Every structure is written in C-alpha cells, then in structure tokens.
Amino acid sequence: MEPDDVVRIRLRSQQLRAPVAATVDDALKSLLAVQAQEFPYARWSLAQRTAGATADDVERAVADGRILRTHILRPTWHFVHRDDLPWLRALSAPRLHRANAGTYRMIGIDSEVAAKSAAVLAAAVADGAHRTREQLAAELQRAGFEAKGLGLAYLIMHAEVSGVLASGVPIRSAGGALRQTYAAFDERVQAVPPGMSVLSKEESLAALAVRYFRSRGPATVKDCADWSGLTMADVRLGLTLGLEDDPAALETATIDGVTYYFHAPDSSVSQAPDIQRIDLVQCYDEYIMGYSVSRQYFGGTAPVFPFNDAPMHVLLLNGYMAGAWRHRLVRPAAGPSCELDVRLSTALAGSGEEAMNQALDQSVARYGDFLGIPTSLRSADRS
C-alpha cells in the first residue's frame with residue numbers, strides 16, 4: 001500500500017468522498033464520535049460528510065438530543081449520537097476519571113465533593129430544566145462550592161462522565177452565537193435505546209474497534225488506542241472479538257512492518273482520483289485527530305498554535321494539507337454574511353490558476369450552502 005492509497009481510502013472511510021452519509025445522524029454514527037470543542041466548525045465536520053446538510057440541520061439534531069455534545073473518550077468535547085452514548089460512557093468513564101485524577105486532587109474534588117456537587121447539579125436540571133454553565137455555577141456557589149474557573153469545569157465534567165449531565169438545547173446569545181446548556185443525562189439518553197441491548201465490556205470493545213477502523217482506516221492499533229483513550233491491549237481484544245464475529249469486516253495491510261486495518265472501498269463506486277478538489281476541514285476534524293502515529297499521511301502538522309493571527313484550520317488539496325483557513329461572520333443591518341480567510345501554500349499557488357480558482361469557488365460555495373448565508377472568499381486570497 002502506497003501513501004496515496006492510504007489517503008485515498010481514508011477520504012472514503014471518513015465520508016469526505018462518495019458515498020457520503022444521508023444525514024448528519026448517519027455521519028456521526030459512522031464516525032462514532034467527533035471532536036467538538038469548536039462548536040461552529042464541528043457542525044461543519046458533520047455536514048460536509050453528507051450530500052448537503054446545513055448548520056441548521058446539525059443544530060436541530062443537537063437541540064432534539066439526537067446528537068449530544070459531551071466529554072467522552074478523552075477529556076475533551078465530542079459529538080456522540082444518543083444511541084451510542086450509554087455504552088461509550090460506560091466503557092470510557094473509568095479511564096476518564098483516572099486520567100483526570102491528578103487534576104481532581106489538585107482542585108480538591110474527592111469522592112465526597114463529587115457526590116455533593118453531583119446532587120446539586122442533578123437538582124438544578126431536574127424536571128426538564130436546561131441550564132447554562134453560569135446558571136450551574138450559581139447553584140453550586142449557593143451550595144457552598146467555589147465553582148469558578150478550572151474547578152467549575154471539572155465539577156461539570158465529572159458529572160458528565162458520571163452520567164449526571166448531558167448537553168441540553170443550545171440557546172442563542174444576543175450576538176447570535178450558540179451557547180451550550182446542560183440537561184439531566186437520563187432525560188436526554190435512554191439507558192437501552194429501542195432495538196438495542198445492553199453491551200458487555202467485551203461487546204463494547206469489539207463495537208468500538210470495528211467502527212473506528214471502518215470509519216478511519218487504514219489506521220494502526222496505536223492510532224485507535226490514542227483516539228479512544230483505551231489501552232492497546234483493549235483495542236487488540238476488541239479487534240479479535242470483532243473479527244471473530246465478522247471476519248470480513250476489515251482488511252489489513254503492512255506498511256514499514258506495522259499492521260494497518262481498514263475497510264476496503266466499495267468497488268462499485270468510481271475510485272478515480274480527484275482533480276483539484278479542495279476541502280476546508282477544521283483543525284480538530286477526525287481526518288486529522290482520528291490518528292496519532294500515522295497522522296503524517298495528510299502531509300502537514302495540525303492542530304498547531306497560530307502565529308501572527310494566522311488561521312488554524314486546514315485546507316486540503318486532494319486530501320493533502322495545502323493551506324489554512326477560517327471564517328469571519330459579518331452581521332450588517334442588511335443581513336449576515338460570511339467571509340473566508342484562506343491562506344494557500346506556495347506549492348498550491350503554483351498548481352494552475354484556473355483550476356485552483358474553480359476548486360476554491362466550489363469549496364466556498366459548499367461552505368456557503370452549509371451556513372445558508374452569502375459567503376465569499378476574501379479578495380486578497382484569490383490566487
């Protein structure tokens with residue numbers, strides 16, 4: 001398997017190429033979990049894997065509780081489908097609490113504090129109430145907790161990981177930005193979704209391993225372990241159990257002595273290479289964050305801290321990093337619009353002016369359709 005093959009198959013596995021998902025729910029179920037600390041851009045990560053979902057479609061799914069935004073797998077925000085959150089939380093909660101143990105000790109969260117704060121938070125979201133972070137902080141402070149800064153963040157995270165809180169219906173601020181709310185976990189999540197059964201730990205390991213490699217392969221056991229927060233032994237066990245149940249679920253390839261697992265592309269779908277296809281992906285997109293030891297295949301380094309006000313997000317040319325971008329929302333009296341700040345690499349700028357302008361126009365149009373507002377490329381960025 002050549003590097004270009006890895007990129008080509010990953011683009012398809014990730015549904016950045018056809019066949020794409022029918023809905024944002026389907027895109028998320030395929031990927032299992034999507035890193036989502038940058039909510040506006042995380043919406044795009046789901047929508048761009050569909051045939052034309054919009055920001056409103058993602059926001060509606062979050063409001064309805066089909067898509068939940070919570071701390072899972074690793075101590076960071078992820079989108080997870082409500083059908084998958086019960087077993088994913090059960091699988092990852094013990095390791096998340098262990099990973100956070102040092103911070104818990106530093107800020108004084110022991111078992112007694114955790115239990116008392118959880119009771120306060122549960123009461124705050126009882127009877128269908130959805131509360132903002134500030135409202136939860138006020139309730140905790142009334143109960144005698146300092147509930148500021150890092151302490152507040154980890155009290156809330158502890159409650160999420162422990163199955164007390166889940167994301168609620170977002171609210172829009174006066175400036176138009178969506179703000180996270182929190183609801184009772186049991187209100188937003190069914191312990192056993194219809195048509196599903198309670199998964200054992202072994203069944204959960206198998207489900208996670210197979211779904212990870214089918215949606216992100218070719219990838220390694222180490223990639224999966226770092227993405228999921230599991231041990232490599234658990235990933236190997238999950239692979240063994242999953243392939244015992246369905247030997248045809250995955251294929252393998254050896255690159256530099258390391259085994260890569262993947263789901264072979266459907267031979268009925270054209271595998272012709274893209275011609276000047278540009279994808280605007282967020283820097284925490286699963287095409288990047290879904291890998292650790294084999295992240296280099298996309299040809300760059302991300303996420304990185306931006307210097308001199310440079311954009312953080314990643315422009316891909318045919319699957320390879322070739323620039324950076326970000327959006328800027330403008331809200332004049334005549335109505336909102338969006339301007340894309342795109343910085344092309346030197347190599348990309350020499351790839352053919354006409355073809356590149358066409359590819360840029362198409363990527364801008366896709367993003368504008370997603371936002372549902374007029375969207376343009378900053379004039380200075382035109383190659």
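**Close-up views of a predicted model**

View 1. Residues are numbered from 1 along each chain as its sequence is written, and side-chain values use heavy atoms, without hydrogens and water. The model is predicted: local features need pLDDT of at least 70 and side-chain atom pairs count only at pLDDT 80 or more, while totals for chains, interfaces and linings use all residues. Gln 15 lies in the loop between helix 1 and helix 2 (helices are DSSP runs of H or I with at least four residues, strands runs of E with at least two, numbered from the N terminus). Its phi is near 65°, a positive value in a residue other than glycine. Pro 19 is found in the loop between helix 1 (3-13) and helix 2 (24-31), and the peptide bond from Ala 18 to Pro 19 is cis, with omega near 0°.

**View 2. Strand 3 and its partners.** Five of the five residues of strand 3 (residues 77-81) are buried, so this strand is largely enclosed by the rest of the structure. Strand 3 pairs antiparallel with strand 1 (residues 33-35) over three bridges (pairing requires at least two DSSP bridges), and five bridges join strand 3 to strand 2 (residues 67-71), also antiparallel. Phe 79 stands opposite Val 34 and is the bridge partner of Arg 69.

**View 3. Asp 256 between two strands.** Asp 256 lies in the loop between strand 9 (251-255) and strand 10 (258-262). Its phi is near 50°, and at 77% relative accessibility Asp 256 counts as exposed.

Note on methods
Buried means under 20% relative accessible area, exposed over 50%, partly exposed in between (1.4 Å probe, protein chains only).
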